[in-house]
Amino acid sequence: MKLLLFLIFIFLKSTTFVNATNVVYIDMNHIISNSNHGKLILGELEIKNKANIKVLENKEEILKNLEKSIASQKNILSKNELDKKINDLKSKILVFRNDKDKLSKEFNELKNKKISIFMKNIQPLISDYIEKNSINIVLNKKDVIIGIKDHDITFKILEIVNKNIK
């Protein structure tokens with residue numbers, strides 16, 4: 001009997017502890033996409049990405065034209081000249097692929113850097129909000145399966161970010 005009362009007491013204590021823990025969640029992607037500063041960052045990144053795509057499309061078009069030119073001269077050129085032009089085209093394609101990989105890598109590094117800086121800037125704002133509201137745990141919304149809407153602090157943090165980061 002004493003064991004049963006002890007187990008009930010432990011269960012009730014642990015239940016009140018879980019309820020006393022203040023857990024909220026936040027959608028960081030929404031903060032980045034919809035905050036004023038986040039929109040500026042994403043706009044800059046989009047402009048940079050479009051410029052990279054345009055450069056790559058121009059280089060690709062030049063390579064396609066060169067390939068068509070070689071194909072049209074296939075019957076006119078000697079075997080040695082044709083092989084030389086094909087090898088030249090292959091080397092240009094290799095350079096193009098390397099340039100494409102380099103631009104992609106540089107873009108991803110720039111994107112990660114800008115978003116990381118943004119996240120470092122909003123971290124103190126979120127920490128301050130957590131302290132003022134006695135919040136114990138903040139989860140990323142993408143990791144939450146189901147949650148009460150009242151526990152979503154995304155829009156509150158968005159307002160704070162827009163007010164404090166210019």
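This is a predicted model: local features need pLDDT of at least 70, side-chain atom pairs count only at pLDDT 80 or more; totals for chains, interfaces and linings use all residues.
Trainee: Starting with α4. How far apart are its end C-alpha atoms?

Mentor: They are 79 Å apart. Helix α4 runs over residues 79-132, which makes 54 residues. At 1.5 Å a residue it should span 80 Å, so the two values agree.

Trainee: Where does α4 bend?

Mentor: At I122, by about 30°. A proline, P124, follows within four residues.

Trainee: And what comes after the helix?

Mentor: S134 follows α4. The phi of S134 is positive, near 50°.

Trainee: Back to I122. Buried or exposed?

Mentor: Buried, because its relative accessibility is 0% and the cut-off for buried is under 20%.

Trainee: What does I122 touch, beyond its sequence neighbours?

Mentor: Leaving out residues up to four places away, I122 touches M28, I31, V161 and I165. Take I165: it sits 43 residues from I122 along the chain, yet their C-alpha atoms are separated by 7.9 Å.

Trainee: Which other residues of α4 are buried?

Mentor: Among them are L82, L89, F96, L103 and F107. Further along, the buried set includes I115, F118, L125, I126 and Y129.

Trainee: What covers them?

Mentor: The cover includes β1 (23-26), α2 (28-34), α3 (36-72) and α5 (154-164).

Trainee: Now the largest nonpolar core. How many residues?

Mentor: It has 20. Those with the most contacts inside it are I26, I31, F118, I122, I157 and V161. β1, α2, α3, α4 and α5 each supply at least two residues of this core. The most comes from α4, which gives 7 residues.

Trainee: F118 is on that list. What does F118 touch?

Mentor: Not counting residues up to four places away in sequence, F118 touches I31, I32, S35, H37, G38, I41 and V161. There is also another core, lying apart from the largest one. That other core has 8 residues, including L56, L63, L82 and L103.

Trainee: What else are they in contact with?

Mentor: Set aside neighbours within four places in sequence. T154 is then in contact with Y25, I26, D27, H30 and I31. D152 is in contact with Y25, I26 and K141.

Trainee: How many salt bridges?

Mentor: The count comes to 7. One of them joins K50 and E46, with the closest N and O atoms 3.3 Å apart.

Trainee: Why are K50 and E46 about one helical turn apart?

Mentor: Because they are 4 residues apart in helix α3. An α-helix has 3.6 residues a turn, so residues three or four places apart point the same way. K50 counts as exposed at 53%, while E46 is partly exposed at 44%.

Conventions: Residues are numbered from 1 along each chain as its sequence is written. Side-chain values use heavy atoms; hydrogens and water are left out. The expected span of a helix is 1.5 Å times one less than its number of residues. The bend at a residue is the angle between axes fitted to the seven residues ending there and the seven starting there. Buried means under 20% relative accessible area, exposed over 50%, partly exposed in between (1.4 Å probe, protein chains only). Contact means heavy atoms within 4.5 Å. A nonpolar core is a set of buried Ala, Val, Leu, Ile, Met, Phe, Trp, Tyr and Cys residues joined through side-chain atoms within 4.5 Å. A salt bridge is a side-chain nitrogen of Lys or Arg within 4 Å of a carboxyl oxygen of Asp or Glu.
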